[in-house]
Amino acid sequence: MHFTSEQRLDGDVLERAFALGEIPGILWTPASPSAPVPLILLGHPPLGLARMYLRLVERARQAVADGFAAATIELPGSGDRPRWAGIEQARADLHRALEAGGPVDGGIVDALVLPLVEKAVPEWRAALDALLSLPGIRGPVGYSGGVVSVGVRLAAVEPRVSAAVLFAGSLVPAAVFEEARRVTVPLHVLLQWDDEGNDRQAALDLFDAFGSEEKTLHATMGGHTGVPRFAGDAAARFFTRHLK
């Protein structure tokens, strides 16, 4: 890992862009930490860091204000990373199925999601290795948001992830439902009840599949981008309880 730029944001936040091999990322930390702080990994959809930056930096500012460091990395096939022919084809197949008004075939979901999970999760784990080696950052580690299937796999296989906030979504492969049964860390799942882009019942079924003894479903009315502030505040309190 090497840092490529840094800037100080308002509110005593230090933002540093980094590269981990070919993988770009961003790290946000307290500008003047008095002691090492726990880390929250910020997931996001595969739209590119540049497009997601404003949402990510808002979440990062909140994390730093709550006493954490926050970090994210570019997903495979997104942003300036090389295009991924298989994923592009699966997205085209998905759009055709949605435009036709019919159900989305499980084969399309598998082709769209599983390769991303297989490649992204090892990259998140490599980033975690590098981030936890930095002065000023320590465990425990939380994971927040992003592609729900990536979050499920990471929570299932990475022992350094101690708690997770997941954004409920659909297009979840059957194999990921099975992996969810192996997730045992505390979970806080956010569900927008009227999300036009996600199947509510699929999200509820995934929540039911999680093996965690402590799991909370926080459902609020509204569409995909209408997550209310109080729901985000509840997620922040969840991390404060479990990572400090």
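Start by selecting Arg 153, which you'll find in helix 4 (residues 148-157); helices here are DSSP runs of H or I with at least four residues, strands are E runs of at least two, and both are numbered from the N terminus. Before you go on, know that this is a predicted model, where local features need pLDDT of at least 70, side-chain atom pairs count only at pLDDT 80 or more, and totals for chains, interfaces and linings use all residues. Residues are numbered from 1 along each chain as its sequence is written, and side-chain values use heavy atoms, with hydrogens and water left out.

Is Arg 153 buried or exposed? It counts as buried, because its relative accessibility is 14%; buried means under 20% relative accessible area, exposed over 50%, and partly exposed in between, using a 1.4 Å probe and protein chains only. Show what Arg 153 touches: setting aside neighbours within four places in sequence, its contacts are Val 117, Glu 118, Val 121 and Glu 179. Contact means heavy atoms within 4.5 Å.

Now colour the whole of helix 4, where eight of the 10 residues are buried. Among them are Val 148, Val 152 and Leu 154. The buried residues pack against strand 4, helix 3, strand 6 (137-145), strand 7 (161-167), helix 5 (174-180) and helix 6 (200-209).

**The cores**

Next, pick Leu 39, Leu 41, Leu 131, Tyr 143, Leu 166 and Phe 210, the residues with the most contacts inside the largest nonpolar core, which has 56 residues. Such a core is a set of buried Ala, Val, Leu, Ile, Met, Phe, Trp, Tyr and Cys residues joined through side-chain atoms within 4.5 Å. Helix 3 gives the most to this core, with 13 residues. Zoom in on Tyr 143: beyond four places in sequence, its contacts include Leu 41, Trp 124, Leu 154, Leu 166 and Phe 239. There's also a second, separate core of 23 residues, including Ile 40, Ala 63, Ala 235 and Phe 239.

**Helix 2 meets helix 3**

Select residues 85-100 (helix 2) and 106-132 (helix 3), which pack at about 145 degrees with their axes 9 Å apart. Axes are lines fitted to C-alpha atoms, for helices over the stretch in contact, and angles run from 0 to 180 degrees between N-to-C directions. On the helix 2 side, look for Ile 87, Ala 90, Arg 91, Asp 93, Leu 94 and Ala 97; helix 3 brings Ile 108, Ala 111, Leu 112, Pro 115 and Leu 116.

**Helix 1 and its cover**

Move to residues 49-65, helix 1, and find the kink of about 40 degrees centred on Arg 55. The bend at a residue is the angle between axes fitted to the seven residues ending there and the seven starting there. Buried residues of helix 1 include Leu 49, Met 52, Leu 56 and Ala 63, and their cover includes strand 1 (2-9), strand 3 (23-30) and strand 5 (69-73). After helix 1 comes Gly 67, with a positive phi near 100 degrees.

**Two last stops**

In strand 3, click Leu 27, which counts as buried because its relative accessibility is 0%. Glu 15 is 12 residues from Leu 27 in sequence, yet 5.8 Å away, C-alpha to C-alpha.

Finish at Thr 216, in strand 9 (residues 215-220). It counts as partly exposed, at 34% relative accessibility. Beyond four places in sequence, Thr 216 touches Leu 187, His 188, Val 189 and Phe 207.
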